[in-house]
Amino acid sequence: MVPVLSLLLLTLLAGTVVTFLAGRRARWVALATSVGFLFETLWLLDSYTSWPGRSGALGVPQYSDGESYAWISVPWLHINYTVGIDGISLILILLTAFLQLATVVYCWTESRRPSAWFGLVLLTCLGSFGVFIALDVLLFFLFWEATLIPMFFMIGFWGGPRRRYAALKFFVYTHVASIVMLVALLAVVFYAHAASFDFSDIYIATHSSGFPIVTQAMLFLALFFGFGVKFPIVPFHTWLPDAHVEAPTGGSVLLAGLLLKLGGYGLIRWAVEVLPQGLAHTSWIVYGVAFASIIWGTVLSLSQRDLKRMIAYSSINHMGIVLLAIAVYSSLGLLAAVLLMFAHGVVSGLLFMASGSVHHTFGTRDIVTLRGITPRTPVLATMIMVGSLASLGLPALISFPAEFTALLATWDRLGYWVLLPLVILVVTAGFYLWMMQRVLFGPPQNIPEKAHDVDVYETAGMAILVALIILYGVLPGFLVNVIVNSPVYGFP
Amino acid sequence: MDPVSWTWFLPEAFLLGAALLVFLLDVLGVEKLEAFGAVAVGATALSLLAVVADLGFTPLSFLSTLPPSVVDSGGGATSLYAFSSLGLVFQGVFLSSALLVSLASLSRPSHEKGAAVFYGLLLMATLGMMLVAVSADLIFLLLAIEVTGIATYLMVGYTRKDARGLEAAMKFYIIGALSTALSFFGASLLFGAFGSTNLLVLSQGLGGISNHSLALVGYAFLIVGLGFKVTLVPFHAWAVDVYDGAPTDVSAFLAGGTKKMGVFAFFLVFIGPLSILTVRAVNCTGTVCIAPYDFRPTVELTLGLLAIVTMTLGNVLALLQKEMKRMLAYSSISQAGYMMIGIAIGTAPALAGATLQILAHVFMKAGAFLVVAGVSALGVGPLIAQYRGLGQRRPYLGVAFALMLLSLAGIPLTVGFVSKFILFSAAVQASTVAGQSFFFWLAVAGLLNSALSVFYYARVLKVMYMESPDASVPLDGPAGDPTGGLGYGRSAAILLAVVAIVALGVYPQPVFSAIQAAATHFVASGA
């Protein structure tokens, strides 16, 4: 059997190394790597028709394209290079591939140390890809941390005026969270007496009857904190606006599009699947945090004047809905969570690109002063409009099926509580419409003389995401069919 | 046990011979630093290969100096020395640090005054450390530590150029003498309690004696005396001034080498008593049975708390430093805390983790000091802020230094990550035993500290990569020099360290399984 996942990993790894060393030709290497990786991912998608099912009395999930080699093996410690995918990972890998390509194309004209820049972009995607395929605690943690360093440098070197503060804050917040996550995972392994650090062995250990519920609940909360900071959940969200506002556009795209998804994926795979009893006994905390994130994220988003800051805060709100969908713990909720993550990745990527272009073109991102940009920059205005409409959940665009499923799943489990996210969605929609009305369609104001429309590379980068928004908005079945083809899709 | 053969001590004899050769060459009027350096590099490299061969690395077996039957056979009740495989691992650690430092020092000015003294003392200090690793008797152990101690006091002040170096040497000497006195006092109390200073006798006698308070005081004095060597808080205050005042290559040796000697001394003195008490129940003589006095909770708690305090204080003070060498010195103190975690837990996995951490520390901390020495030779000042733009102006050196710092911070794919991962895993594993939940919090404290430490390492990275270079500093080195003013020796040492950091970080299995086997033997033979 062809070790497909290792091949994909190797593609990214080789591409990243060569990009770092390629000097002026770095962008071409990065482009070739991204295109190659995308085609490999599509091939993977094509070959993934069904999941291998579950095995044993405990129903241990099996994973597609699995590979496992011993890495560190001494009598008390068994760590393997174990990888494998299911529908959830596959969808997020697809997101990685598209966002990587879009970012490379969008940033084509980057002139400050292009080899380092494109290398870091690929490294971030490499780390995310690794997180999505890893089925061993050490391997997972390794890739998890590997996304931190490139983002630290991207913010800190290419970022805005307060970049150093933002980079450090980002690093410390997320690093402390990963430490907590690591302690919790180690405790799961040793307290449940798992045979190795592999996902399947941990699954067997935590699902056997001898593992006390109290321990499960405490460890689940620790994992929830560890993954939650990445989401980010209220009240640990304060790193996000700083990081986003200071980050260069490409960094913001990857941060919102990919790194936030690592939190969601980690929570599903390593917390909910491993410790379902833990979630069941602490679900009221998770619901509370989810509602708090949804409401507070919206309130903060509505009170911003800076376009980019507004989009950043709306991420908190959207990821809060993802958290809610995970917390309801049903197959419908899970489907919604993954769909939403994909949708948010694409839409926030587009919006961050667009706001980057706004800043680039007009020298400001101030919603209050900037008016009527459409006549001068029709292409950019179109992109903003598509992104905003998708973000507010217009039918036939990608977010609609995702948000609709999420609300349905919430209704199933929580009844009328669903009104809360629903009202919030309506308010957000109103706010987006107001923003578009002012920025895009009002009488032109404060438009600099030399402002001109986005260049061909920026357009192409955004066009890739627009195509995805429309394609999967009209035909969400493509995504749904893959997601439901997962072992984990056996929730109650 | 085979009859004693002098060939068992060939690696040690080799170092002694090399040291004498260096002093002889000096007397004969040789003034070239490279000559002394070549002798030192050759001797340490050859000894290192022999030690690796003794550990069972078959491709090198023709260099082996120990028959396999001698290793891990345990010493008798009267032995002065015993060859344990963990001791051999530590010999490897000591020799690696000596090799890195002697290699890097080849790039010091060719006619530097005192070069022979430096290299001769380096070899003597390494010899003392090698003897610590084969000790089976407390007095032999303390004397071996003294051999290293006296050599390193002199090394700190050998340039005789600046007042800071001399002050550091004086401080080091006084503190060293004090700690030796405390250790010997502890040893004499133990002799009073047990009638022997043999480590095996000590650990086997413990728990059976009625006069346990005498033994407890003796061990307390040893914790203090050896604690000075390992720079445990609150016995750490000398270390920063000494590391800061010493020539930077010597600091590399002190942090990367001699400190580890203290850690192994802790292993020898404390692991035996700690592990034996888990098997021994009640000691009966005649009709009188004495319930064993269980030292274990006391010792574990003491060492564990010392570990936490050392890690935390070292890290917090490192955060406040503005000078690179002082920051590295404080970070070295905090690293000693991580190593103490392994000793406090005392299980074979924890010892293995601590040993890997020690090996890692040689490459990352000694390596970092060697880079600092090279960079200051280029004319960069002592402040961290003066490293600005280093990563941009010297990409390769920058990446090397960055890797060392990332490894110290415990970032994946570096050896510093693997060693901490294993050490903390061992702590969590040990905590699953009933009544040992203290170890879980030890792991949490360690992990939180490593998160804290990321702060000050990241700050250096930030300065190196995100601030524009200072144009007035000649960072590029003299024109036409392919090493950019670092010299071939130093470049080779830095390269070696980086290769080790990455190789052990990516695939630690061969080295780690050897360490694990050695640690398992070590714990078992103490009982």
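A helix here is a DSSP run of H or I at least four residues long, a strand is a run of E of at least two, and both are numbered from the N terminus. The expected span of a helix is 1.5 Å times one less than its number of residues. Take α17(B): at 1.5 Å a residue, its 29 residues should span 42 Å, and the end C-alpha atoms sit 41 Å apart, which agrees.

Before going on, note that this is a predicted model: local features need pLDDT of at least 70, side-chain atom pairs count only at pLDDT 80 or more, and totals for chains, interfaces and linings use all residues. Residues are numbered from 1 along each chain as its sequence is written, while chains are lettered from A and ligands numbered from 1 in the order in which they are written.

Now for how chain B meets chain A. Counting two residues as in contact if their C-beta atoms, placed from the backbone, lie within 7 Å, 27 residues of chain B are in contact with 27 residues of chain A. On the chain B side, α16 (415–431), α17 (438–466) and α19 (509–526) each supply at least two residues. The largest share, 11 residues, comes from α17(B).

That helix is also mostly covered: 23 of the 29 residues in α17(B) are buried. Buried means that 20 or more other C-beta atoms lie within 10 Å of a residue's own; 12 or fewer make it exposed, and anything in between partly exposed, with C-beta atoms placed from the backbone.

How far to trust all this? The model scores ipTM 0.84 and pTM 0.89.
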